[in-house]
Amino acid sequence: MVIFGSRSARANALNLQRTAENSADVISADELGNFTGTTFSEALRRAPGISFQRNSVTGDGTNVIVRGLEPDMNAIQLNGLNLPVGNGVGRSADLSNLLADSVSRITINKSLLPSHDSAGTGGLIEIETMSPLDRPRRYANFLVEGDRTPDDFGDDFLVSGTVAGTFGDNFGLSASVQYRSQSTRSIAYDAGSNGGRLNFGRYLPLDVVGNPITNLEAVDPLQTFPFVSGEDQAYPGGLVTSFFHDETETLAGTLSAEWRIASHTNLKFDYQHAETRTDFFSLSDTFSTGAEYVVLPGETNAQLVLDLSPGNEGISRSQNYSYDRDVRKITDTFSLNGRTTLGAFEFNYLAGYAHGTERHPASFGLQLRMPDTDASADLFLPEAVDPETGVIHTGFGPRSGSGIPLPLLSSQGWALVNDPSAFVIENASGQLDNSEGSNDRYTASGSARWTSGGGWLNYVELGGFYERAEFQSNLTRSQIGGNVPVSALGLEFIPSDLTRIGLSEPGFSTLSEGALRGFVDGLGALAGGPSGLTLTPIAPHPDQGNENTEETNFAAYLQGRIDIGKLEIIGGVRFNHTRLEATNLNFPVYTGPILPENGGGMGVDFIFQNEFTRLVTEEAVSEDFLPRVLFNYRASDDLIFRGGYFLSVARPAISQLSSETRIAFINFPIPGPEGVKPILQINSGNPNLQPATTDNFDLSAEYYSGIGIFKISAFYKRIDNLLQTNITNGPATLAAVTLPDHPYFNGAPYFDPNNPSSVFITGGSPVNSDEVAELWGIEFQAERRFDFLPGIWGGFGVFLNHTWTDSSRADRYNWSYGTPPDNVFTFTDLPFVQQPAHSGTAALTYNKYDIDATLAYGYQSRGLSLFQPRGLSVYTEGTETLDFRAEYYLRPSYGSFRVYVEANDLLNGTSDPNLEQTFGGEQGAPTFFTRATYLGGRSLRIGLSATF
C-alpha cells in the first residue's frame, strides 16, 4: 500500500517524536503545507503549548510564547543556528519574514538535554529544512496562490517553486524560491494610553486623614476601583485613532546540498536567504481635553471636570505621520552539518554563519500640532453634560462597549479641530532618517558519542559550542521645519475613513495617504524653495560610528544514557560562559519648545543632545553549570512515560546591566496619572543584575495509535532572580540623579528643580525579584485519523490540544505619595506577562479519495500586558479563530496537481476588532476596553500547486 502526502509525513513526524529522548512535539511538513505561505509563528500556533504574537499592523505572526513564557525566554534555531536580529538590538528574532515553504519539520523541545541550548526556559524550537536526498530522484514543484480581505483591508499573492535531484545514491541538490507580495491596511484606536487617557470615576476618594485626592496616582495602591461607592464608570480624556498601510514584498530562497560520502560520513550544506522590502505608512491622530479632578465649591471630594473658564487651553489635537520607504530586511544563514561514524564512535559537527540587516533609507516622520485652544460649552453636544452633576467631565461619554469612543463635539467643535489653517510645520517638528542595523553570528559546534553496543551504559557524549555575535546600528537625521502652514503647501485635509469598520460619523480630518506620500517624494524639491520649508542635516556625534555590541558564548556538555530494562535515563551537565561588551552613546533627550539659539520650533533638540553625548563601554561576564536529567519508561512501543529535571537561564540584555542614567524630558502637556503635565523620564540599568535561573520539572505520558497520538504533560518551573522593572514616580526619583547643567533643566519655562511637582516624574531600573516566581501547567493532545472506519468515514480525523497554565510572581511598586519605607509595595501572586491561562486548537480533518480538508478552531485567553495596582492592570484580550481549508489532488501519470481554497478568520467581519486591550477585570473592578486593532476579518485564499 502506498501512503500519499500528508499521511506519510505525519506518520514520520510521530515516529521521530516517539523515539526522541526528551519530551518534544514534531510538526511535519504536511501541517506546514496545509497553510502554505504562512510564517513560522503562524505554523506553530496550532501546536500544544504554543500561543503566538501578532503584528498589530499586518496581523502576521511575529513570534511565539512557549508554555506561558515570552519570546526572550525561548530559543529558536534554523538548521542548528540561532537566528540573527536584523535591527542590531535585542535578543528575540522576528519570524515574520521567514516563510515555511521549504521546511521539513519543526521540533518544539519542551524538556532540554545537556546538548541543548541553555536559554530555552520555555522551550527550544529547532527548524530544519528539507534534505535533497529525502526527495524523489527528480522533483519539481510550482505553486501560486492569492488571498483577499474585503473592504481594501488586504491582498496577498504568493508564488513558489522547488527543484531537486539526486545524482547516484549519495549526492543531492535542491533549490527553492518563494515570492510573496502583501498589502495590508488596518485601523486602530487607543483611549487609555499614548495620548488617550481613562479617568476612573467621576469622583476620587478622600485620603486617610479626610483630605480630597486630586489625581489617580495619589490613591492608596491597595484600594481597588471603584474608589467611591457608585462611581464605577470610566471617562476617556483623549483618543488616538491610527491608520496603517503596509506593502511588503518577500523573497525567500533555499539552496541545499547533501553528500553521503560513504556509509560512515554524511555532509549537508544549507543556505537560506530571506529578504523583505516594505513601504509603510501610518497616521496617529490624537485628540485630548484637559479634564482634571478639582474640588468644586461646596463639595468634599474632587470631581472630574473640564475647565470652561477663559484661558483654559483645554483642547489639544496633534497628528503624527510616518512614511518609511524602501525598508529592507535581509537574513542570510549558511550552515554545514556533518556526521561521521567510526566503529563505536559518532562525530557530529556544525559550522555556520548568520547575517541579518535592517535598513531604513528614508524614514519620514512629521507631527502637526493645533495650538492648544480654550474649551467652551458650545464646542460640545448637550449630552456631554452629565445630568446628575451638571458639568462636562471630559467631553467624552462614559466608556462602554469595545468600539471607538469619539468625543461628543458639536458641529462647531468639529469645525474647530478640523480647521487646516491651525496646523503648521514648525521647526524641528519632523525628520527624515537614514538608519541601519546588523547582526552577525559565527557558530561552530561538535560532539563525539561513544556507543557501548550492549549493557546498561548505552552511550557517553561530549560536546562543545562556540558562538560570537556582533550587533551594530547607525542613524543619520535631517530635521524638517520652516514654520510653514500646511495649506500653503497645497496639502488638503479630508475626513478619515472609519466607515470600513462600521462608523458613519465623519470624525477627524487629516491628510490623505496619497497626499502625504506625494509630499515626501517631493520633499527635496520643496526644501529651500519659495515655500520656506527647510530640511536641515543634523551632524551625527563623532563617536557614533564606534558603537558596537559583541557577545561571545562558549558551552561544553557531558551527556550519557543508562538503560535499565525498559527505563532510559539520560543525564549530564552543561557549562556556559558568556561575555558581553557594549560600546554605546549615552545622551539625554529633550522634546518640546526649542531654545531660539538652537533653532527654535517644537521637537527634538539635537544640538542639546550632542552637547551632552558620551561614549560608554560596559562589559559583563556570566558562567553557569546546568545539570539536567531526563527519563523515559517505554512500557511498550506505543506507550511511553517521560519525566525529568533541567536547569536553564535567561540573561539580562547589556542595556539592563548599564550603570548609566538615561534622561528624557517631554516638555509639553500629556495626559498622565497626575493629570495633564509634561513628563520627565529617568531610567537606569543595574550592573548588579543576575541571570534568571529556572528549575524545570516535566512529566508526560504518550500513547501512539495508528497515525495519531494521545499525550498529557504536566510541567513546573521555579524561577529565581526573575527580571522586573522597579518603577518609581515622583520627585524622589531625582535624589540620585544629576541633571544636565542646561536651561532645559534650570527653571521655568522648562523643568524647574524648585517646583518639580509641575512635571510628572517617572523612572525605572531593572532589578532581580526577591520572590520566587513559579509557573505550572498541563498540556493535553489527542490526534487520530479514523482509518479503521469503513468507506468514506475512514478519511475523517481529529486534532485536539489544550494547554492550561498558571503562574505566580511578585512585582514591586513605589508609591510616590507614601512615606519611606512604607511607600514600597510588593504585590504577589501575579501572572506572568503575556501568559494566557488557556490556549488550544480543535480541528476536524479529512484525508481520503484525494481530498485533504481541515476545519480548525483556535483560542487563546486574555493575558496580562502590564501590571498596575488598584485593580487596573492592562490585559490583552483573548482571541478566537476559525479557519477552513480544502484541497483536491489530481494525479495524472506525469505528476500531480493540487487545487485548494482556504478561508481564514471566519468568526470576524470588518467591523470586529482582532486585537484588543482592556483595563481592569480583576479584584471586582469592571473591565474597560481601551485599545483595539481592526485587521479586516475573514479572508479568502485560493491556490494551485503542480508537482512533477
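Me: In the hairpin of β46 and β47, which residue takes a positive phi?
Reply: That's G921, with phi near 75°. Keep in mind that this is a predicted model. The hairpin has 6 residues between the strands.

Me: How many bridges join β46 to β47, and do they run parallel or antiparallel?
Reply: They run antiparallel, joined by 6 bridges. β47 covers residues 927-934.

Me: Which residue stands opposite T927 of β47?
Reply: G920 does.

Me: What about β43, in which sense does it pair with β46?
Reply: Antiparallel again, over 3 bridges.

Me: Is β46 mostly covered or uncovered?
Reply: Mostly covered: 6 of its 6 residues, 915-920, are buried.

Me: Switching topic. Where does V616 lie?
Reply: In strand β29, which spans residues 614-634.

Me: And is V616 buried or exposed?
Reply: Buried, because its relative accessible area is 10%, and the cut-off for buried is under 20%.

Me: Which residues is V616 in contact with, leaving aside its neighbours within four places in sequence?
Reply: A582, T583, N584, N586 and E660.

Me: What separates the C-alpha atoms of V616 and I682?
Reply: 18 Å, with the two residues 66 apart along the chain.

Definitions and conventions: Residues numbered from 1 in each chain as written. Predicted model: local features only at pLDDT ≥ 70, side-chain atom pairs only at ≥ 80, totals over all residues. Heavy atoms only, no water. Helix = DSSP H or I, 4+ residues; strand = E, 2+ residues; numbered from the N terminus. Buried < 20%, exposed > 50% of the residue type's maximum accessible area, 1.4 Å probe, protein only. Contact = heavy atoms within 4.5 Å. Pairing = 2+ DSSP bridges.
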